[in-house]
Amino acid sequence: MTSIFCLRVTINFVERDGEVVSVKAKLGETLLDVAKDYDISLEGACEGTLACSTCHLILKPEIYETLPEPTDEELDMLDLAFGLSDTSRLGCQITITQEMDNMTVEVPKESYDVRQ
């Protein structure tokens with residue numbers, strides 16, 4: 001039996017400086033997990049506990065529309081994010097699926113990663 005965690009898709013992160021970093025992500029991981037694995041400038045201060053907005057990402061509309069609706073808790077945290085857009089989501093709340101292969105997500109220019 002094959003585990004879903006053996007399968008990978010390509011995710012393209014647009015860094016704050018405009019550099020595009022393409023990475024391989026395991027199905028079932030969150031975008032925050034993937035960003036941390038590849039040292040993308042996405043802080044994730046609360047480590048995915050939905051207690052901050054430092055993993056804020058901007059998605060393309062065609063991807064955003066395919067995702068489950070954000071919870072009230074996620075929307076509350078997004079209200080605190082800099083550079084909020086109509087297609088903003090928290091990376092800790094987005095689980096990688098096969099349909100996300102080759103998707104592009106943007107780290108908002110207004111975000112700041114204290115690790116760097």
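## Salt bridges

A salt bridge here means a side-chain nitrogen of Lys or Arg sitting within 4 Å of a carboxyl oxygen of Asp or Glu. Keep in mind that you're looking at a predicted model. By that rule, the count comes to 2 salt bridges.

Let's start with E74 and R89: their closest N and O atoms are 2.8 Å apart. E74 belongs to helix 3 and R89 to strand 4, so this pair ties together parts that are 15 residues apart in sequence. Are these two residues buried or exposed? E74 is buried, with a relative accessible area of 1%, and R89 counts as buried too, at 4%.

The other pair is K109 with E106, where the closest N and O atoms lie 3.8 Å apart. K109 is exposed, at 55% relative accessible area, while E106 is partly exposed, at 26%.

## The overall layout

Now step back to the whole chain. It has 3 helices and 5 strands. Reading from the N terminus, the elements go β-β-α-β-α-α-β-β. The chain has 116 residues, and 44% of them count as buried.

## The nonpolar core

What sits in the middle of the largest nonpolar core? This core has 27 residues, and the ones with the most contacts inside it are I11, F13, L31, I96 and V105. Several elements give two or more residues to this core: strand 1 (8-14), strand 2 (20-26), helix 1 (31-37), strand 3 (56-59), helix 3 and strand 5 (103-106). Helix 1 gives the most, with 4 residues.

Take D76 as an example: you'll find it in helix 3, which covers residues 72-78. With 48% relative accessibility, D76 counts as partly exposed, because exposed means over 50%.

## Two residues with positive phi

E47 has a positive phi, near 60 degrees, and is not a glycine. It's in the loop between helix 1 and strand 3, and at 65% relative accessibility E47 counts as exposed.

Where is N102? Look in the loop between strand 4 (88-90) and strand 5. N102 isn't a glycine either, yet its phi is positive, at about 70 degrees.

Key
Residues numbered from 1 in each chain as written. Predicted model: local features only at pLDDT ≥ 70, side-chain atom pairs only at ≥ 80, totals over all residues. Heavy atoms only, no water. Buried < 20%, exposed > 50% of the residue type's maximum accessible area, 1.4 Å probe, protein only. Core = buried A, V, L, I, M, F, W, Y, C linked by side-chain atoms within 4.5 Å.
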